[in-house]
Amino acid sequence: MTVGEYAYRQLEAKRYKASLALSGKKAVIYLEDKNDEPFWIRVLKQFKPDDSFYWVFGSRSTGSGCTQCLKYKDFLDKQFLIAIDSDFRYLLQEAGIDIAHYILQTYTYSFENHYCCGQNMEQALCMSCQDSNVGNLFSFSKFLKQYALIVYPLFISLLYCIRTRNNAYTKEDFVRVLDLPPKMNRSVVNNGRVLLSLLQQKVDIDLARLVSLLPNFSWKNEAKRYEPLGLNKETAYLYIRGHNLYSVLSSLGEEIVNLHIKQEKGKLPKSQHASIYQKHVSFKKTLLDHLSFGYLEMDKIENDINQVF
């Protein structure tokens, strides 16, 4: 950042703080992008229901993303904070990325991972189908546990390569493994077995390749480094790139809702089918409107918020 830009960011931060006197808001929170706003609004509303906040975010002219947010790092305080996706910063314990420096973070790879939390997915599915027993049709919690177990060793290998600056395996390599088709025939059958099998095949190919590229590496030993932070074989899905996971899960949800509609239609005469369609709601819309609380990564966000406000 140039001297001129540094001065500009400093002046802009002062203006944001000055605006609080007129707005009556608790603080200004600068976000990576407008898409992050619904998540952080819901989170702050949950933990600080009596406070209101002024939300700002990058644009095409000023720039967006975490890099832009961090340009304000020297000017942050209780009146002006930034809220960012943790990416791999939390797992790799990047210095200065914490609430002590007035930085709120997701503690998952991105905010999308929170929507993908097993309990959130299952609650959204019940709401979409208006049926508390729809979990008998498909269990997101079981699917995500299997998903996490499959990707875990390869994900740990990626973290090792990032941490040691080893190019044997890259983020791009890992994303290609996560890039599953949004729709596959019979993807809902046997609780997503066809998707999990494809994922396992892709993981196995890359793990086999890494045996020769990293002959002295033990992913089990490396994994111990991250366990105290919350990453393990059951939670790995919360720490991988959220966009890929969200794409797969949201499409799965839509297919499950459609299957539920089909089953319900089979129970009723054709004259009542219209009521079945009216009862069901888009899974993707329901998911974006719903957020669960009460798990480790969300608890960490709550703790940060309570420290600063």
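Student: Which helices and strands do the buried residues of H13 pack against?
Tutor: This is a predicted model, in which local features need pLDDT of at least 70, side-chain atom pairs count only at pLDDT 80 or more, and totals for chains, interfaces and linings use all residues. Residues are numbered from 1 along each chain as its sequence is written, and side-chain values use heavy atoms, leaving out hydrogens and water. Helices (H or I, at least four residues) and strands (E, at least two) are DSSP runs numbered from the N terminus; buried means under 20% relative accessible area, exposed over 50%, partly exposed in between (1.4 Å probe, protein chains only); contact means heavy atoms within 4.5 Å. The buried residues of H13 pack against H2 (37–47), S3 (80–84), S4 (103–105) and H4 (111–115).

Student: What arc do the buried residues of H13 cover around the axis?
Tutor: Those buried in H13 are Glu-297, Met-298, Lys-300, Ile-301, Asp-304, Ile-305 and Val-308. They lie on the same side of H13 because the arc (taken from the directions from the helix axis to the C-beta atoms) is only 155°.

Student: Is Gln-68 buried or exposed?
Tutor: Gln-68 belongs to helix H3 (residues 66–70). Its relative accessible area is 11%, so Gln-68 is buried.
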